Amino acid sequence: MEKKLKIGLIFGGKSAEHEVSIMSAKNIYGGLKLNRYKIILIGIDKKGCWRLVSKDCFQNIIKGLKKISDFENKKIAAIPQSNGEFMLLDNKKEIIKIDIAFPILHGPFGEDGTAQGMFKIIDVPFVGPDVLGAAIGMDKVLMKRILKEQKIPIADFLYFTKNQKREINYNKIADCLRLPFFVKPANLGSSVGISKVNNQNEFQNAIDDAFKYDKKIIIEECVVGREIECSVLGNEEPKASIPGEVKLNDEFYSYETKYISEDGAKTEIPAKLPADTIEEIKKMAVKTFKALDCEGMGRVDFFLTKQNQIIVNEINTIPGFTAISMYPKLWEASGMPFKKLISELVELALQRFDRDKKLKTSYTK
Ligand SMILES: Nc1ncnc2c1ncn2[C@@H]1O[C@H](COP(=O)(O)OP(=O)(O)O)[C@@H](O)[C@H]1O
Ligand SMILES: [Mg+2]
């Protein structure tokens, strides 16, 4: 009989999207079970400690009855170059081994290349983006500079670091980008720290708030249009799903609208669009994915203006997998059921690992 793959489902994390990650992990767990993989649950608490979590405890975490940090004696440490081994710190003789890591971590310390770097050091295959794709996809400034260079349409933007704070001038920005405009931390997600600025009174708070989350901020022209999302899957030859639409009742797609408010947003799958627009969006999603050096998965988010202009807003390299999340729903609607999507993601991780193993690590003639 074929040996069951041991998948390390890694969730939680140090970012402001900790709770979202737990909601995503619940669904991925279901998908991994459907595929009959052996699942090792690894929770990262809000301080960044990695802990082994039992199935029962996982159920309590999902229900919000327990926190990952409650499992005090289950801290684990990764072992470099071990092909997927972790050591239980309370009992250093106990080794936990995984064949593949499935990180479902959103935001910094998980979706930004840091966790991916660790998987490389451990020498274990991992699902989702590689180090560079994750890092670029997380940084809205670098992402947009690359998209601009590739002539992929994006909103006009400016960016500042904390030590340029004195150069941030409301009148200059309003002149350049027009009102209203968006202020965002460069590295985050789930709309945390994002404000729409309509006038000078709202300006300073928006800047201060964004700088609470990152040392770099991006300020963008406001694009008026429908919000369309498209899922991408693959390594060298990625493919795009049919697009879906997020229909908002709120000012913008804020954290509350995304995860709390019951009627703030509705999704429409497939998005009602003409066939040629669908094709163009799919093509642009793949182009964006490749331009940003992504592999595995990615959800590319667009604005579609009244004039039918397609503008890329961002890529999410570890997109949400919550019950209401677009990424898996779009694949489902494109003919790929959840179970198959999960096994494809695992397969892509294994293929990349094998491909990269063939690269030389030392110089010989
Ligand atoms: N330039 C913009 N024009 C119009 N709306 C925007 C713009 N940037 C962001 N938004 C709104 O804010 C939401 C969150 O912004 P986004 O850049 O996608 O950040 P996050 O990575 O947190 O999802 C978007 O879904 C959209 O509703
Ligand atoms: Mg977004």
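How many nonpolar, polar and charged residues does the shell around ligand 1 have? By class, there are eight nonpolar, four polar and seven charged residues. Here Ala, Val, Leu, Ile, Met, Phe, Trp, Tyr, Cys and Pro count as nonpolar, Asp, Glu, Lys and Arg as charged, and the others, Gly among them, as polar.

A quick word on conventions before the tour. This is a predicted model, in which local features need pLDDT of at least 70 and side-chain atom pairs count only at pLDDT 80 or more, while totals for chains, interfaces and linings use all residues. Residues are numbered from 1 along each chain as its sequence is written, chains are lettered from A and ligands numbered from 1 in the order in which they are written, and side-chain values use heavy atoms, with hydrogens and water left out.

**Around the ligand**

Ligand 1 has 19 residues around it, and Lys140, Lys184, Ser191, Glu221 and Glu227 come nearest; a residue is near if one of its heavy atoms lies within 4 Å. The table lists polar contacts, meaning pairs of N or O atoms within 3.5 Å.

| Side chain | Ligand 1 atom | Distance |
|---|---|---|
| Lys140 | oxygen | 2.6 Å |
| Glu220 | nitrogen | 2.9 Å |
| Glu314 | oxygen | 2.9 Å |

Taken alone, ligand 1 exposes 540 Å², and the protein buries 96% of that (accessible areas by the Shrake-Rupley method with a 1.4 Å probe). Domain 2 (156-221) and domain 3 (226-356) both give residues to the shell, so ligand 1 lies between them; the domain bounds come from an automatic or database assignment. Strands S9 (181-185), S11 (216-221) and S17 (310-316) each supply at least two shell residues. Strands (E, at least two residues) and helices (H or I, at least four) are DSSP runs numbered from the N terminus.

**Two paired strands**

Strand S1 (residues 6-12) pairs with S2 in the parallel sense over seven bridges, where pairing requires at least two DSSP bridges. Lys6 has Lys38 of S2 as its bridge partner. Six of the seven residues of S2 (residues 38-44) are buried, that is, under 20% relative accessible area, with exposed over 50% and partly exposed in between (1.4 Å probe, protein chains only).

**Loops worth a look**

The peptide bond from Leu179 to Pro180 is cis, with omega near -15°, and Pro180 sits in the loop between helix H6 (170-177) and S9. Asn83 has a positive phi of about 60° without being a glycine. Asn83 belongs to the loop between strands S4 (76-78) and S5 (85-88), and at 38% relative accessibility it counts as partly exposed.

Conventions: Polar contact = N/O pair within 3.5 Å; in protein donor to acceptor, adjacent residues only side chain to side chain.
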